[in-house]
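This report describes how the chains of one structure meet one another. Please consult the sequence and the structure below while reading.

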Amino acid sequence: MAEALLFYTLAALILGLGVMVVSARSAVHSVLFLVVNFLLVAVLYVTLNAEFVAVIQVLVYAGGIVVLYLFVVMLVNLKQAPERFSDPRRLARSGLVLGGVVLALIVVVVSSSLRAGAAPEGTLSGFGTPFTSGNTEQLGWVLYTSYLIPFELASMLLLVAMVGAIVLAKRHLGE
Amino acid sequence: MTVPAPRASTSQFDTNELVINMGPQHPSTHGVLRVVLRLDGERVLDADCVIGYIHRGVEKLCENRDWTHIILLTDRMDYVAAATNNLGYVEAVEKLMQIEVPRRARYIRTILAELQRIASHCLWLGTHAMDIGALTVLLYAFREREFVLDLFEEFCGARLTYNSMRVGGLPLDIPPGWDRKLRSFCDLMEGKLDDYETLLTNNRIWLKRTRDVGVISGEEAIGLGLCGPPLRGSGVSRDLRKDEPNAAYEEFDFDIPLGTRGDTYDRYLIRMEEFRQSIRIIRQGLDGLPEGPVMGKVPRLLKPPAGETYHAIESPKGELGYFLVSDGKSTNPYRFRVRPPSFCNLQGLKRLVRGHLVADVVALIGTIDIVLGEVDR
Amino acid sequence: MLDTVVIPLLKIAVLVNAVLVAVTFLVLMERKVIAWAQSRLGPMRVGPYGILQALADPIKLILKEDITPVKADRYVFTLAPIMSLVPALVVFAVVPFGPDPLYYIGDINVGLLFIISVTSIGVYGIILGGWASNSKYPLLASLRASAQLISYEIAVTMTLVSVILTTGTLSLVGIVEAQRESGIWFGFIQPVALVLVFIGGLAETNRAPFDLPEAETELTGGFHTEYSGMRFALFFLAEYANMIVISAVVVLIFFGGWLRPFPNIAWLGFLDLLPAWIWFVGKVFLFLYVFIWIRATLPRYRYDQLMSLGWKVLIPVAIGNLVVTGVFKVVF
């Protein structure tokens, strides 16, 4: 009961903050709402006993990526930005498309979860139970055994992205 | 004087440029210097110095004062090296009036000037090091400067604005026991200099912050009219104590340290060596101090013959020159003009900071060793 | 109810107060130590030898006028100091002061990561404080600060990974227990990591010689130039609380936490007469002393030099250390 209450409170807060992110007048404010949003998502992970994911969520998203967002937002003067996209018809069109995508996603998720039934334990079976030494170790095992190739691919991808960013920045400096 | 406006072009707005005012109320512009910096990120594109915040019109004031009364106004220009200012002025008047100064007075003047150099360099070292972040050196340097001030206080009763010389000699002979105290100060100072150097000279961070920062070639330094340690740091051998000896410098044996690279670190090393050379001169002066009067034959009322003269001495900061014109009729100068070393060296700042970072600006203001009282007058 | 709610809340109240009081005395200690290094006396007026200065400073700051610049972003300007202090205090939730559960609030199995991630939130206070002031010097300083924090965080985290390899656990209690079992402080096994974490810690807490964001000789007051009164005090508290955090982390990971020196030598057992938490706090203050000592001695790095030190020296060395540790772990 208490957990459900906590979940719904958190979910409501996260959704509300999401709306605030989009609707905030100042870009810096909206980044701030985003930070709080991420922190609350981390709390959500904690309620699911996924401490490792929660901490990584805080470290990577709240502590790392959003700092970079803030950097950009602070340095770039965003006051003129909304005017450039103020064409209402274009806004409406893109809004319709995005709304459709989100709706489709919701339908897919809800229907698949309905089909799978109310018991989600089966999805966790790959981790091996019970979690005696905390899930960090289990997560490590799984990542480096059954998911080794996707993991390495993801790291390659990140490396390529990093090199690409450096190349772009360097070329800009050279000019 | 018009205040140059920051040259931010309004026609083509470049988002990369940031114009900031460093000073006049900034902790490390050494007084009330205002530097308008144009920055690209942290890199300095251009810098304009705005001066005049403590302009008191000293030169004009001097033209309405008695030749003797001017001495105490010279105290107020480079207020951290008042005795040197006194020395330059009284020697200029003596040159104008062709007054013979007793040898003992010339010796004591030399000692005072070198003592003053130590005090001035202490202040430079402390503030320069503090600007770069070494807090402790400031307190150490001020601790030793205090001894110099005590010595001056005992000699002439004042600690900052000494009014310590007179046309034709000195107002007072040195008090009894003063030479002994000065000697023990010299011994103490030598040890303390080693302390400073332990903290800074081979410190990796200090080297990183000063090596190759603000490099200027000898030719360029001459072209900009730099003088004193900033000029010698670029390897130009120009020291008025050797080139045009005043007081009793021709009787002393000392070296002029020269830099090779012309960067901030070289200028630092030069001043550290000048400390030691000053101590050497003081010791020689005390050893060979002649007996005799300290005041030459000077008329009651100073009234130099009509004419003009320029007399320059090596102040701790560079060439300090006095240009005096007398009309031969009145008891005050017809024209009084100072060539202050800080003012001329400050011209170099614009050239030195270009392309460096904000943090280097304060290091470079420190390295040219300015005193705003002298820049503005 | 008593065990799950009341006692933790009591512990939190005690701990937060203890940290804040420790900070005020740390400020006094810094002033005194630096004064002695500079052949001065330091504060001497308030109480005997100036001890009550630790009380006078906060009272002064609370009573001072709290100014918000007209052009500042009011909400963010108010929020920034809070965002910088709260993470610094939250971190103490997982710092164990002794082996007994009485001495810590929570021992979570990702304790070390928790500290890293929560301290990384602290950077917002600095960035936003600088931005919200709507003033040029604070903005420059906050840019410096955020770049510096992010760079050094990578180096520190990378180094801590190699430590985790030797301990095999992320729990701070577990790390200390591992040191008891191996009978040697990890500082002696991982000296490179110790140096890296310490340097990184200096940089992350914006302490000399990496105190660029508040380099007052360059950027006047740094990111908190426009702050006054209690809001300034919050930044101040955060900085010193972060110093304590870094010292605590270094002590826990490399210097055996609450363990006495040479925990494996039996005849030194009389050292256990001192309670564990005193050993811990003593070691933490020893490191804080080193922090202050460094500040009194060294000049300041320049911004670009700081970045190149972080990226070109610390991070490669950290990765190298990680590789070497891994090889050792596999071979032996």
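How many salt bridges are there between chain C and chain A? The count is zero salt bridges in this model, which is predicted. The report begins with this interface and then turns to the other pairs of chains.

**Chain C and chain A**

Chain C brings 25 residues to its contact with chain A, and chain A brings 24 residues. Together the two chains bury about 2,000 Å², and carbon and sulfur atoms account for 82% of that area. Across this interface there are two residue pairs in polar contact, both residues of each pair having a pLDDT of 80 or more. On the side of chain C that touches chain A, two or more residues come from each of helix 3 (74–90), helix 4 (111–121), helix 5 (123–132) and helix 6 (136–167) of chain C. Helix 6 of chain C contributes the most to that side, namely seven residues. Sorted by class, the side of chain C that touches chain A consists of 18 nonpolar, five polar and two charged residues.

**Chain B and chain C**

Two pairs of chains are in contact, and of these chains B and C share the most contacts. Here 34 residues of chain B meet 25 residues of chain C. The area buried between chain B and chain C is about 2,600 Å², with 58% of it on carbon and sulfur atoms. Within chain B, the residues that lose the most area to chain C are Glu42(B), Ile205(B) and Lys208(B), which together make up 22% of what that side buries.

One salt bridge is found across the interface of chain B and chain C. The side chain of Asp360(B) meets that of Arg302(C) in a salt bridge, with 3.0 Å from N to O. On the side of chain B that touches chain C, at least two residues each come from several elements of chain B, among them strand 1 (17–22), helix 4 (103–131) and helix 13 (358–368). The residues of this side comprise 21 nonpolar, seven polar and six charged.

The table sets out the two interfaces.

| Interface | Buried area | Share on carbon and sulfur atoms |
|---|---|---|
| Chain B and chain C | about 2,600 Å² | 58% |
| Chain C and chain A | about 2,000 Å² | 82% |

**Chain A and chain B**

Chain A and chain B do not touch, and their nearest C-alpha atoms lie 8 Å apart.

**Confidence in chain A**

Chain A has a mean pLDDT of 77, with 79% of its residues at 70 or more. Among the elements of chain A, the highest mean pLDDT, 86, belongs to helix 1 (residues 2–23) of chain A, and the lowest, 53, to helix 4 (residues 81–84) of chain A. The pLDDT is below 50 over residues 119–133 of chain A, a stretch that has seven contacts in the model beyond near neighbours in sequence.

**One residue of chain B**

Is Val325(B) buried or exposed? Val325(B) counts as buried because its relative accessible area is 14%, and the cut-off is under 20%. Val325(B) is located in strand 5 (residues 318–326) of chain B. Leaving aside residues up to four places away in sequence, Val325(B) touches Trp67(B), Gly307(B), Glu308(B), Pro333(B), Tyr334(B) and Arg335(B). Between the C-alpha atoms of Val325(B) and Val44(B), which are 281 residues apart along the chain, the separation is 42 Å.

Note on methods
Residues numbered from 1 in each chain as written. Chains lettered and ligands numbered in written order. Heavy atoms only, no water. Contact = heavy atoms within 4.5 Å. Buried area = accessible area lost by both parts, 1.4 Å probe. Salt bridge = Lys/Arg side-chain N within 4 Å of Asp/Glu carboxyl O. Helix = DSSP H or I, 4+ residues; strand = E, 2+ residues; numbered from the N terminus. Nonpolar A, V, L, I, M, F, W, Y, C, P; charged D, E, K, R; others polar. Polar contact = N/O pair within 3.5 Å; in protein donor to acceptor, adjacent residues only side chain to side chain. pLDDT = per-residue confidence, 0-100. Buried < 20%, exposed > 50% of the residue type's maximum accessible area, 1.4 Å probe, protein only.
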